[in-house]
Amino acid sequence: MSVKATVQVLEGSKVSLQVEVPADEVQRSLDQAYQRLARRVRVPGFRPGRVPPQVLRARLGRQPIYDEALEYLLPRAYREAVEDARIEPVDEPRFDVVQMEEDKPLVFKAEVTVKPEVKLGDTKGMRVERRVVRVGDGDVDRVLRRIQERFAVLEPVDEAVQRGYYAEVDYDALLDGKPFRGGAARGRTIEIGRDQVAPGFDEAITGARAGESRQFELTLPADHPTKDLAGKTLSFQVTVQAVKKKRLPALDDDLAKDVGPYETLDALKQAIRAELQEVVERRARAGVRRQVVEKVTQAASVEVPETMVQRRADRLLRNFAERLAMQGLTLERYLELSGRSASELVSSIEPDARRQILEELVLDAVARQEQLEPDPDAVEKRVEQLMASYRQGQDVGVASERPRGDRRQREQQARLEALEEEVRESVRTSMRRDKAVDWLVEHAEVTEQEAEGGIDDEAELEAILRVEQSQQQPA
């Protein structure tokens, strides 16, 4: 097919394509449409598929036949026109057929939103700071104490429940005299003083000994996170099954050997220090990359189409729902528990969606301006890794549903090839943007800034995880 396409730029990152398809291509599509309809339409006196075109035309009229031809012809002509015009649509087009007749060219218009033009500001010499955090003995000691806690054991004691102890409890809570979801537990261990069941629960069982039961009522606060229970009074029936006390292991060489391949406590301390340093340095590098992206985005001029923002917000919402599902929670249940409406949740997502789109557009513009492209071998290596993981999952998940015939095998192969091309484009785009950030950092003015308090809970937990994982690495 050889179409003629002219582009008219409209406001709001929209364009109008006027497309002309040659008459011979239109006639070929109409002939195919007649053949398809002849197989579907039942006409007395004719076998399926043997209905002459003139009979079909007399029975159906021209428009259904034109519609059948356009259903296949219009998308193909549009794709060719988009490639010819070198535009990048970001939404579905709105078609307007101007002319559709036998023996005449097809003329149609397609109005569509496209990627907006990006005008970059300064991309070189951006001033950014690199936070330098020194790992001290105190940081290492805090991680060691956390490790002590992880290796602690709870030992039963013949004492009453008190703050700082642990209690193994059975309980039933009633709301308006009735049980409710999440209102009962058996053998649950709670740390006294943290109100892990409900505010006031720990105080109500303080002083009880193993085997003792108590009944009491508690009124939950008005701002309780579970909307259905906020401000309500619950009736509790509790039995303390055991009272326990935490015993921490000694900080010695034996603990180091339990944690990983460390013969001494000093070796464990050195490993902790190295991992903490790696965490803070990786954060520092990420911080510099974040700053150059923010600065180059702020310096750019671009109007992000609302269509792109909405589509990205929809994707982020789907991702959020998938994460909830992995935790056994539906989106509807989350909204119910959080007391938020669906529109409030979407509104909270939209700023992130807009920021992501804006940054991607600007990084793409930087890559185009500086002619940055990823290494093809690196792209193919990554694509092979991702496709291998996908095929492995398919083998495990649908082994019993493998297609048996050649046609199904060809269809499956075609789907795999289409998926692989989609993955390749995604990987290439991601790597190209990474190179754009690399280039911005390389051409930025980076100054180091000594920082305090750079090691937080998250850094400590990450260091612990890496120290423990080293146990699994081959010697």
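User: How do I read a bridge between two strands, and which residue is the bridge partner of Y171 in β10?

Analyst: Helices (H or I, at least four residues) and strands (E, at least two) are DSSP runs, numbered from the N terminus. Two strands pair if DSSP finds at least two bridges between them. In this predicted model, Y171 has V238 as its bridge partner in β10. D172 is bridged to Q237 of β10. Strand β7 (residues 166-175) and β10 pair in the antiparallel sense over 10 bridges.

User: What should I know about the model before going further?

Analyst: Numbering starts from 1 along each chain as its sequence is written, and side-chain values use heavy atoms, with hydrogens and water left out. As this is a predicted model, local features need pLDDT of at least 70 and side-chain atom pairs count only at pLDDT 80 or more, while totals for chains, interfaces and linings use all residues.

User: Which other strands pair with β10?

Analyst: Strand β6 (residues 153-156) pairs with β10 (residues 233-247) in the antiparallel sense over 4 bridges; there, E155 has K245 as its partner. Strand β9 (residues 213-219) is also antiparallel to β10, over 7 bridges, and L218 stands opposite L234.

User: Is β7 mostly covered or mostly uncovered, and what does buried mean?

Analyst: Buried means under 20% relative accessible area, exposed over 50%, and partly exposed in between (1.4 Å probe, protein chains only). In β7, 7 of the 10 residues are buried, and the strand is mostly covered. β7 also pairs with β8 in the antiparallel sense over 8 bridges, with A167 bridged to I190 of β8.

User: How do I read a positive phi, and where does it occur in the hairpin of β7 and β8?

Analyst: Most residues other than glycine have a negative phi. The hairpin of β7 and β8 has 2 residues between the strands, and D176 takes a positive phi near 55° there. D195, in the loop between β8 (178-191) and α5 (201-205), has a positive phi of about 50° although it is not a glycine. D195 counts as partly exposed because its relative accessibility is 36%. Q371, in the loop between α10 and α11 (376-397), has a positive phi near 55°. At 71% relative accessibility, Q371 counts as exposed.

User: Which record feature covers residues 164-218?

Analyst: UniProt positions are given in the numbering used here, feature names are shortened, and annotations may be inferred rather than shown by experiment. The UniProt record, an unreviewed entry, places "domain: PPIase FKBP-type" at residues 164-218. In the model, that span is 9% helix and 55% strand, and its end C-alpha atoms lie 21 Å apart.

User: In what order do the strands of the open sheet run?

Analyst: The 4 strands follow the order β1-β2-β4-β3, with antiparallel pairing. β1 (4-10) and β3 (94-99) stand at the edges with a single partner strand each, so one side of each is left without a neighbour in the sheet. Neighbouring strands of this sheet are turned by 20° against each other on average, direction ignored. For such angles, axes are lines fitted to C-alpha atoms, for helices over the stretch in contact, and angles run from 0 to 180 degrees between N-to-C directions.

User: Where does T113 lie, and what does it touch?

Analyst: T113 is in strand β4 (residues 106-113) and counts as buried because its relative accessibility is 5%. Strand β2 (residues 14-21) pairs with β4 in the antiparallel sense over 8 bridges, and K14 stands opposite T113. Contact means heavy atoms within 4.5 Å. Not counting residues up to four places away in sequence, the residues that T113 touches include S13, K14, E88, P89, V90 and P305.

User: How much space lies in the largest pocket?

Analyst: On a 1 Å grid over the protein atoms alone, a pocket is an open set of points where a 1.4 Å probe fits, with protein on both sides within 12 Å along at least five of seven lines; lining residues have an atom within 4 Å of a point. Grid points are joined across faces, edges and corners, and a volume is the space filled by probe spheres set on the points. The largest pocket holds about 1,700 Å³. Its lining has 41 residues, and the closest to its centre are E88, P89, V90, K115 and M308. β1, β2, α8 (306-326), α10 (342-370) and α12 (406-442) each supply at least two lining residues.
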